[in-house]
Structures are given as C-alpha cells and as structure tokens.
Amino acid sequence: MSEPAGTMVLMTSEQEHYFSADPSAPFKREPLEVEAWGQRYDALSGAGVFSRGHLDHGTAVLFRETTAPRSGHLLDLGCGWGPIGLTAALASPQVQVTGVDVNERALLLANENAAALGVAERFRAVLPEAVDPDLRFDEIWSNPPIRIGKAALHELLLTWLPRLGGDGRAVMVVGKNLGADSLQRWLTEQGFPTSRLASAKGFRILESRVAR
C-alpha cells in the first residue's frame, strides 16, 4: 500500500473518480435532500464523489437501523460529501465530527455543506494525514470502501479502530454479499469484538468495540 497509513487506495480505474477527484477542476455541484435521524436538510454532492446526487442505499439503511449519537467526538471514516457526520452534528449539539477521505473534492463538498448548515465549528473534513495522530475518538461511523479490496480495507480499519477510546465503538454498514459476515469474524479476531446490530435490505450493521 503506497499511500500514507489510513488512506483509501486506488485499486481499479473504475473507482478512480472516487479517490482522486481534483477540486480545482470544474465540476457541477448536484443538490439533494437528506432525511435521516429526525433531520431533513439540503446538501450538495457532485461529479467524482461517491453517492452523487442521492443518498446511497447502504448509508440509508444505516440511518434507518440506528439512532443518532448524542455526544462525543466522532470519526466519519470515508466521509464523502458528509451525510453521516453532518447528520450526526445536526442531530445533537454535543457531537463533534472529524471526517476523513482521500477524495479532495468530497472534502470540499463536505466542508461547504457544513458551512451552509451552520455546523462548521463542529464538523471538519480533512485528508487522513491531517488528523492529529494523538487524537482519540468516542465513536467511528462508516460506510467503508469495501471495493478497494480486502487487504487495503483491513489496513484501513487497523489504522483507525485502535484510535477508539476505551469505551468507544465503531458502527459500520456492509453489504452481506460484499463479505459482511467474514468481516465481522475478522474484526473480532483482530481484537475488536464485533456484533451485528441489524440486518436489512441486504446489508449488515456491525458494531465493533475494543477488547478488554
């Protein structure tokens, strides 16, 4: 893996636009409406960013099958244009969010959305290497980039899960047909006991904690 630890790597040309979009290149912003965790708001997505113009199915299932975190510092891992972290920040004024992504256009959109929604003081989206290495998180939320490949995904998770605080947890949505059950077993074997919170629409909602 040639990228710095914690980044999501480019595996195929098909995914290239998700991982290398240049925010300085002209692109069309696409509005959409999000309704989740009791919040309804307008946001912007755009070409070259995952879930362009809509809320993807996995994240929609994640919202339906969970409740919003009420406090703490959250990591939105692979934040894209920001749906998970933005909704969490809107749902509770006690939530602070750091979003990370390697797609600079996604980061641009996420921060624009945060400013437009009035939560920029509690939500910031940055490249992985810009996160303070000593920072610890109360919770990690993610629709992880399964399609980058198993080895890259494992490295990504083993970079960030150890940064959970002692009582922290990670909540992830993973497609059943994309290896959710094997990922659950692997996470447990790595010292992050993982349980299934829900199963719906072909997706698993997994919760991982730090082994005591």
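**Helix packing and a buried serine**

Helices α2 and α3 cross in a right-handed sense; that term applies when the near helix is turned clockwise from the far one by less than a right angle, and left-handed when anticlockwise. This is a predicted model, in which local features need pLDDT of at least 70, side-chain atom pairs count only at pLDDT 80 or more, and totals for chains, interfaces and linings use all residues. Residues are numbered from 1 along each chain as its sequence is written, and side-chain values use heavy atoms, with hydrogens and water left out.

Stay with the first pair. Helix α2 covers residues 57-65 and α3 covers residues 83-91. Their axes (lines fitted to C-alpha atoms over the stretch in contact, with angles from 0 to 180 degrees between N-to-C directions) lie 11 Å apart, at an angle of about 25°. The two helices are therefore roughly parallel, the class for angles under 35 degrees. Thr59, Leu62 and Phe63 of α2 meet Pro83, Ile84 and Thr87 of α3. Contact here means heavy atoms within 4.5 Å. By class, 4 of these residues are nonpolar, 2 polar and none charged. Nonpolar takes in Ala, Val, Leu, Ile, Met, Phe, Trp, Tyr, Cys and Pro; charged is Asp, Glu, Lys and Arg; the others, Gly among them, are polar.

Now step back. The chain has 6 helices and 9 strands. These are DSSP runs numbered from the N terminus: H or I of at least four residues for helices, E of at least two for strands. Of its 212 residues, 52% are buried, meaning under 20% relative accessible area with a 1.4 Å probe, protein chains only. Among contacts with a separation of 6 or more, 67% join residues 24 or more positions apart.

Next, helix α5, residues 150-160. Its buried residues are Ala152, Leu153, His154, Leu156, Leu157 and Trp160. Their cover includes β3, β4, β6, β7 and α6. The axes of α5 and α6 come within 12 Å and cross at roughly 45°. That angle makes α5 oblique to α6. The crossing is right-handed. Leu153, His154, Leu157 and Leu158 in α5 meet Leu183, Trp186 and Leu187 in α6. This contact has 6 nonpolar residues, 1 polar and no charged ones.

Finally, where does Ser208 lie? Ser208 is in strand β9, residues 203-209. Ser208 counts as buried because its relative accessibility is 1%. Its side chain makes a polar contact of 2.7 Å with that of Thr194. Such a contact is a pair of N or O atoms within 3.5 Å; within protein, one must be able to donate a hydrogen and the other to accept it, and residues adjacent in sequence count only if both atoms are side-chain atoms. Beyond neighbours within four places in sequence, the contacts of Ser208 include Leu164, Met172, Leu187 and Phe192.

Key. Buried < 20%, exposed > 50% of the residue type's maximum accessible area, 1.4 Å probe, protein only. Parallel < 35°, antiparallel > 145°, perpendicular 65-115°, else oblique.
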